[in-house]
Amino acid sequence: MSGSSDPVRHLLDIPDLGGAAGIEDVMRLTDSFVEVSERSIPRVPALRGKTVAWLFYEDSTRTRLSFETAAKRLSADTMNFSVSSSSVKKGESLLDTAKTIEAMGIDAIVVRHASAGAPHRIAGWVDAAVINAGDGWHAHPTQALLDCYTIRQNRGDLRGQHIAIVGDIKHSRVARSDVLAFTAMGAEVTLVAPPTLLPPSLEGWPVKVSHDLDQVLPTVDVVYLLRMQRERMSEALLPSLREYTATFGLTNRRVERLRDDALVMHPGPMNRGVEIAAEVADLPRSVILDQVRNGVAVRMAVLYLLLGSGTGLVPPPSTVPPTEEDPARA
Amino acid sequence: MPETASIVIKGGRIVDATGERTADVVVVDGRIAAVGTDLDADRTLDAEGCLVAPGLVDIHTHLREPGKEEAETVETGARGAALGGYTAILAMPNTTPAIDSAGVVQQVLELGRSAPCDVFTSGAITVGRAGEQLAPMAEMAALGVRLFTDDGAGVQSNAMMRRAMEYATGLGVTLAQHCEDDALCGGGHMHEGEWSARLGIPGQPAEAEELMVMRDLALARLTGCRVHFQHLSTARSVAMIRDAIAAGLPVTAEATTHHFTLTHAECASYDPLYKVNPPLRTADDVAAVKAGLADGAIGIIATDHAPHTAETKELPFDQAPPGMLGLETALALALTELDLPVQQIIGALSWNPAQVIGIGDTHGLPIAEGNPANLCIIDPEATWTVDGRAMASRSHNTPYQGRELKGRVRHTLLHGEPVVISGEAQR
């Protein structure tokens, strides 16, 4: 590795990478793993003998599949600590579960939890590397890294890019990590949302705020749409989904306000017809599937960064054949 | 009480509501027999370099019994209290079952009878602390309950609180409120602001406390009821109470030690040791609470001692219960963190709360011949390091673990009996 000074032990949130240099390291590593992913046998023995455990307290199909594919392409062994059918349901504490997994000789634990901070707590209790795969409203650092990578891939650099993040910022771990990553990389960020969907305080956030999407759209290089969750209606944060779509949705008409080269991004899963019109999601400017594709390579880079030899050199392709279909290419 | 050996507390400086002076104190048969110079007795307790003060009184203690004996019992809580210099504590009613009937009041008082600290209890304002039906306040008052509260929750309904205040005036008792508008807090777990926004933890706005302070001041004006405001945590709450006292309303207020020593920035560790209700707030709020203690808007320092087992504090922040230990650290925190005359600090910890909970005839009294010997002898220069594991409590959830504090209890006398000698609990 080059750039960052201290070795990265855990990835709980973007600042763990130590700023722009650390994020740039991940980007460069990702370049190598994108190349690996394009080989006929997209598999290298970089993490052979290492074991990665999934500890998902919250349902996730996409993020887990992405991590699992990444680990397998690095030849790591994986195991799933199934929360819904395990001791956790019988009342086992977070501490005991973490200690139990570690006692099995695990090198990394990938955690998703509905409670903000749960991965931080686990990181304080175990020696294994902890990767945050999303905690409550707080952080989703690998999503932010794949978002950075996708923008960099399409625009060359994040520096000077104007990115609008639109929608339910208040409850979004993606938005929090994206703001930290985008601004660390020199992008300018505008949050666009009704006041009820903004965090209660933006003190210390290096962002601009707008409640008028139409005004912001012509000025941006990237418009990043967040998933609008139906349960927000019952909390009286919005009058109706229809009104949200009318004011903050990227409709067929509204997308015309974007510059020709502006990108449309979304962390998925999309609510077509709510925050994004069905046709808009399928426009050439929409890089939503690139995000998914890059997610695998970014997560390979993160796993390699935390568990690898630290030489920064990606080993040659293994002769071991791939063991599964690549969902990112499906 | 049987004839006991006389004890002299030698070489200390007396601090009580009447002032400060250097004198020896002789205790016989549970009472102060003499105050003067060069006194002798059967037994001597060294108080050289120490303050000799009336025993401390905690107006806000969670003893967890009945219902959560794995976290604390009346006995362990009372022992921690004695070690902290307290000779009287007031149990909060949020037990299981709640202290909302004469039967549970009797049970708690019975459990406290053999404890190394006088245990008094509050009673709930409403049945089950559910805010829907008045609890039998007269029956509880007949057993000596002088302060009623649904602590842990505020009485949400304006109409219910008005009726409770009216009813209380007929009994001559005080109502105490945990000020928090539940709907506005909407599942919050820390102070709503800069840190909650960054950490992604749902917040409790300061206004949720302030609205209820405002309402209860209005209702106190309407009914004439004596109202005590628990654990004030925001600058505007303090200002409202200050104005109300100046306007002559019959109100009092307390601040906890954590609300004048810690801010919401502590929550960045995601450690539920820092989760408490009302939540830790901003540095400005901390400064306002200190200012309130200084100018008398807040006359009482309370612990809100809230033991929780280690398992529950190992849950994620939003799932862990709120509360922190306080009995063994309150005095030292006050002496270390408050830049106030020592007499004012002891007053806020002793005779002021004794008055509010109606035990001023036995606790917090001046150190004078004939008065009950409920005393605490404090070495104000002793430094020590906080260790939750070394505390008498069944729980260890102190947010001050490892912190060095100044001021330590050397001896505590309960009705003349030395229950703590040289910092060691005697029973």
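This is a predicted model: local features need pLDDT of at least 70, side-chain atom pairs count only at pLDDT 80 or more; totals for chains, interfaces and linings use all residues.

Me: How many of the contacts in chain B join residues at least 24 apart?

Reply: Taking contacts between residues at least 6 apart in sequence, 75% join residues at least 24 apart. For chain A, the share of contacts from residues 24 or more positions apart is 75%, counted among those with a separation of 6 or more. Chain A has eleven helices and nine strands, and buried residues make up 48% of its 330 residues.

Me: How do you know which residues of chain A belong to the contact with chain B?

Reply: The test is a distance: two residues are in contact if their C-beta atoms, placed from the backbone, lie within 7 Å. The contact takes 21 residues from chain A and 17 residues from chain B. On the chain A side, α3 (94-103), α4 (118-125) and α6 (173-184) each supply at least two residues, and α4(A) gives the most, with three. By type, that side of chain A divides into eight nonpolar, nine polar and four charged residues.

Me: How do you know that the span of helix α8 of chain B agrees with what it should be?

Reply: The expected span is 1.5 Å times one less than the number of residues. Helix α8 (residues 235-246) of chain B has twelve residues, so it should span 16 Å; the end C-alpha atoms are 17 Å apart, which agrees. The buried residues of α8(B) are Ala235(B), Ser237(B), Val238(B), Met240(B), Ile241(B) and Ala244(B). They pack against α7 (206-223), β15 (227-229), β16 (251-256) and α9 (283-295) of chain B. Just after α8(B), Gly248(B) takes a positive phi of about 90°.

Me: Why is Leu211(B) called partly exposed?

Reply: A residue needs 20 or more other C-beta atoms within 10 Å to be buried, and 12 or fewer to be exposed. Leu211(B) has 16, so it is partly exposed. This leucine lies in helix α7 of chain B. Leaving aside neighbours within four places in sequence, Leu211(B) is in contact with Asp181(B) and Leu184(B). Leu211(B) and Cys179(B) are 32 residues apart in sequence, yet 8.0 Å apart in space, C-alpha to C-alpha.

Me: What makes the phi of Ser75(A) worth a flag?

Reply: Most residues other than glycine have a negative phi. Phi of Ser75(A) is near 65°, a positive value in a residue other than glycine. Ser75(A) sits in the loop between α2 (62-73) and β2 (77-81) of chain A. With 18 other C-beta atoms within 10 Å, Ser75(A) is partly exposed. Asp29(B) has a positive phi too, near 50°, and is placed in the loop between β4 (24-28) and β5 (31-36) of chain B. Asp29(B) has 14 C-beta neighbours inside 10 Å, so this residue counts as partly exposed.

Me: Which bond joins Thr96(B) and Pro97(B), and what is omega?

Reply: A cis peptide bond, with omega about 0°. Most peptide bonds are trans. Pro97(B) lies in the loop between β9 (86-91) and α2 (102-112) of chain B. Another cis bond joins Asn277(B) and Pro278(B), with omega about -5°; Pro278(B) is in the loop between β16 and α9 of chain B.

Me: Why are β7 and β9 of chain A said to stand at the edges?

Reply: Look at the order in the open sheet of five strands: β7-β6-β5-β8-β9 (chain A), with parallel pairing. β7 (208-210) and β9 (263-265) of chain A each have a single partner strand, so one side of each is left without a neighbour in the sheet. The twist averages 20° from one strand to the next.

Me: How do you know that β6 and β7 of chain A pair?

Reply: Pairing takes at least two bridges. Three bridges join β6 (residues 188-192) of chain A to β7(A), and the strands run parallel. In one of them, the partner of Thr190(A) is Lys208(A) in β7(A).

Key
Residues are numbered from 1 along each chain as its sequence is written. Chains are lettered from A and ligands numbered from 1 in the order in which they are written. Helices (H or I, at least four residues) and strands (E, at least two) are DSSP runs, numbered from the N terminus. Ala, Val, Leu, Ile, Met, Phe, Trp, Tyr, Cys and Pro count as nonpolar, Asp, Glu, Lys and Arg as charged, and the others, Gly among them, as polar. Axes are lines fitted to C-alpha atoms, for helices over the stretch in contact, and angles run from 0 to 180 degrees between N-to-C directions.
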